[in-house]
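Hi,

Could you take a look at this structure when you have a moment? I've put it just below, and my notes come after it.

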Amino acid sequence: MSADGNGPNLLEVRGLTKIFGTLKACDSVDLTIRKGEIHALLGENGAGKSTLVKMLFGSLEPYSGEIRWNGAPVRIGSPSVAKKLGIGMVFQHFSLFEALTAAENIALSLDDQTPISTIAAKAQALSYSYGLPLDPYSLVGDLSVGERQRIEIIRCLLQKPELIILDEPTSVLTPQEADKLFETLERLRAEGKSILYISHRLEEVKRMCDAATVMRHGKVVGHCNPRQETAASLARMMVGNEVEAVVRAPMEGIEKAPALLEIRHLSRKPATPFSIPLRDINLDVRAGEVIGIAGVAGNGQGEFFEAVSGEVTQQDAGSIRIRGKDAGRLGITGRRLLGAAFVPEERLGHGAAPRMKLSENLLLSRHATDGKAFVGAGGIVKTGAIEAASQRIVEVMDVRKSARDPEAAALSGGNLQKFIVGRELDRKPTVMLVNQPTWGVDAGAAAKIRQSLIELARSGSAILVISQDLDELFEISDAIAVMHNGSLSPPLPRAEATFEKIGLLMGGAEPGHADHALETV
Amino acid sequence: MRIELVKRPQRSVLFSALSPFIAFVLTIVAGAILFALLGVNPLTAFGIYFIEPVSQVWQLHELAIKAAPLILIAVGLSVCYRANIWNIGAEGQFILGGIVGSIVPVMFPTLEGPLVLPLMLLLGMVGGAAYAAIPAFLKTRFNTNEILTSLMLVYVAQLFLDWLVRGPWRDPQGHGFPQTVQFNASAILPELFPSSGRANWGFVFALVAAVLVWILMNRVLKGFEVRVLGSSPRAGRFAGFSLGRMVFFAFMLSGALAGLAGISEVSGAINQLQPVISPGYGFTAIIVAFLGRLNPLGIVAAGLVLALTYLGGEAVQSALGISDKVARVFQGMLLFFVLGCDTLIHYRIRLVGFGASRIEEAR
């Protein structure tokens, strides 16, 4: 075993550069992966990790630079070339057909005409030998995200790769599912396979990886042995400076505060055959508190957001109450007029119109609530007023931009998110629902957004935050509920919540049995 | 080797503005080749095509008569297209506007007075809007493709008009010709400056509509709604705008303007209904809308250019004996080059295969 770093080099990358327009997504990147090591590629969102691995997998062509495989220079022109060399990849976003079985999905990615039954048998054998149990004849649509990931991994292993690239594999897993995955990875390493492990979760990198390459703004800022680093020192390398910690003062007497957002028996049939139904959701969010909703992606969070925001309305007017008023039948505008504000997960195309100016994007969510300030007689938009208001938000939220009033698409993801959150905070809403507040946002901006949500709550508003980032939820929430398969657990007060308990709930344990199940793990 | 369109990181503002002019120049170049192949001196032909039809004041009036319906229709279509709703059936809405507006002078030929004309114009708009509501209803209720339904309804409208003027609405004193009675004086749209030419109030309607729609699209919340729903429907839903209502709004607004163009044409230029009341204005207006960059003020200029292609087509037919279908050819080339220029503003062409193989050889 060469995990101690003495093995020969499997992959060497020198000076790899990729340019998109004026942006250097990868700027002269060096990377060395030895045989039989788990190599971490660390970096914040937008640091260039995905661009780098896409070049290694042949789905992007490098602008310049050299890739050596087993010492020989290679040109990876397409994913099939990469597969032939022995490079396999498991993407963050799965490419599986939900209406087909696991085996059929695997067959689609293989070039030869192997019969499905042979593939199913091979896949099953492989899945058990690596501790990834999988029924090859089950429909993908019926499988959990973790099981879908197993299909991707097995599909990759069937190609007998020497190097396996995993892109943020644990972002869709519960802590317990992630542990299973780590066991598999360690078994693969013991067999002498190499793994390039992309992540921004420092603890798991420290725990598993033999070497790490850290990227920031398209450049490699360091190679290190993660076992000899602390999480803080790794974070400093990733972010480039110290990040201010979020301050959350405990809130006294929340139980007595009035519930500003009440959700009662909220159910919703699946809109498409593969979307998640909502099952009898009940939740109160009181004035002054932040409630977090944890859960693996794709367990109904998107459907829940649509239902609570009023993008999709309910039959039963009492299923959503905002400030004590029935809002179930109101659309999103009506709910905003009751004092609610919403921040969706997708920034471009949902929270903001990409080709419209920031000031126009301000109007997007506030044309009704601030009708008097922004819209004059005859529906004439008061351009001066919306521009002034958007400048105010830009200053408060420290939004960095290149022009006075640029198109939303011209802003970086983090800056646009600051603007979108700021746009709603500027209204001082009494109820706020945020889906993935800091997804893809750099650490500094994320801290600012989290702090402002806490402050809004402490000033007397009710905040509901949906997030896949457990660290974030533990940082800002007064109580955490878990969404699994369209059901919502009762919120656990922050003092009682632990990663393990929340993780079990994310995996589908019954709320009452979470403590019991913990003992048996 | 293959050709790829690669999205440009930035759109050039300069070339976005220049695009229609470049397209016009390219059309002229292509037209010169066309005339040369037909054995005509291109310079002479262009003189007859583009200069002669606008060399006298009465001819400018003719230009305004041709431009008015084009501008009116195109201004309405620009709202649809900005909302990403593809109304191709303006020709049919134009015809229905003409028919419904003509109910008054045809069925009540003795009715006179100052209210007759406003009533006709109003009915024309109602007729066009109602006809445009059919594809809107089909789209919102059954999710049909509005391009197909609105286009097919054009043929329905054409045949309905044909049946009307040969059947129930045929002028009994018309010697069997397929046409309605001539409208009485109070049903005729007045001429603007009768002393110098035939141009009627339809041109004024077109200019007013262009200015109003420009204000709507650029200054009014409703126009913002059109642009948001057209460019990112999900953000539009987040804003609380309804796509279904927008489909009706855009279709009925453009239908009303096409209907107004139809009744203005019938009342101002033809003075009766005939089997054919439009030389394809509803389709040419699609070119006008894009040549005018979906901007109502640009559409006024584009409408005048396209009107000129109609007059020029007639002029070369009489002067040089070339088929007046040459007008259609010019219109088609213009649209082709405009869309081509627009594509190249958003994308650049990359030849894949050449470059890559050369890099390999170099190694």
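First, the housekeeping. This is a predicted model, so local features need pLDDT of at least 70 and side-chain atom pairs count only at pLDDT 80 or more, while totals for chains, interfaces and linings use all residues. Residues are numbered from 1 along each chain as its sequence is written, chains are lettered from A and ligands numbered from 1 in the order in which they are written, and side-chain values use heavy atoms, with hydrogens and water left out.

**Salt bridges**

Searching the whole structure gives 36 salt bridges over all chains (a side-chain nitrogen of Lys or Arg within 4 Å of a carboxyl oxygen of Asp or Glu). Take Asp284(A) and Arg264(A): they form one, with their closest N and O atoms 3.0 Å apart. This pair links distant parts of the chain, since Asp284(A) is in strand β12 (residues 278–286) of chain A and Arg264(A) is in strand β11 (residues 259–268) of chain A, 20 residues apart. Strands and helices here are DSSP runs numbered from the N terminus (helices are H or I, at least four residues; strands are E, at least two).

Both partners are partly exposed: Asp284(A) has a relative accessible area of 24%, and Arg264(A) has 31%. For these words, buried means under 20% relative accessible area, exposed means over 50%, and partly exposed is in between (1.4 Å probe, protein chains only).

Next, Glu311(A) and Arg237(B) meet in a salt bridge at 3.8 Å, N to O. Glu311(A) sits in the loop between α9 (301–309) and β14 (320–322) of chain A and Arg237(B) in helix α10 (residues 233–238) of chain B, so this pair joins two chains. Glu311(A) is buried at 10%, whereas Arg237(B) is partly exposed at 29%.

In chain B, Lys139(B) pairs with Glu146(B), and their closest N and O atoms are 3.1 Å apart. Lys139(B) is partly exposed at 22%, but Glu146(B) is buried at 5%.

**Helix pairs**

Axes are lines fitted to C-alpha atoms, for helices over the stretch in contact, and angles run from 0 to 180 degrees between N-to-C directions.

In chain B, the axes of α9 (residues 221–231) and α11 (residues 243–270) come within 11 Å and cross at roughly 110 degrees. That makes α9(B) roughly perpendicular to α11(B), and their crossing is left-handed.

**One residue in a helix**

Finally, look up Asn105(A) in helix α3 (residues 102–109) of chain A. Asn105(A) is buried, with a relative accessible area of 1%. Leaving aside neighbours within four places in sequence, Asn105(A) is in contact (heavy atoms within 4.5 Å) with Leu96(A), Phe97(A), Leu100(A), Val140(A) and Arg155(A).

Cheers

How values were computed: Parallel < 35°, antiparallel > 145°, perpendicular 65-115°, else oblique. Left-handed = near helix turned anticlockwise from the far one by under 90°.
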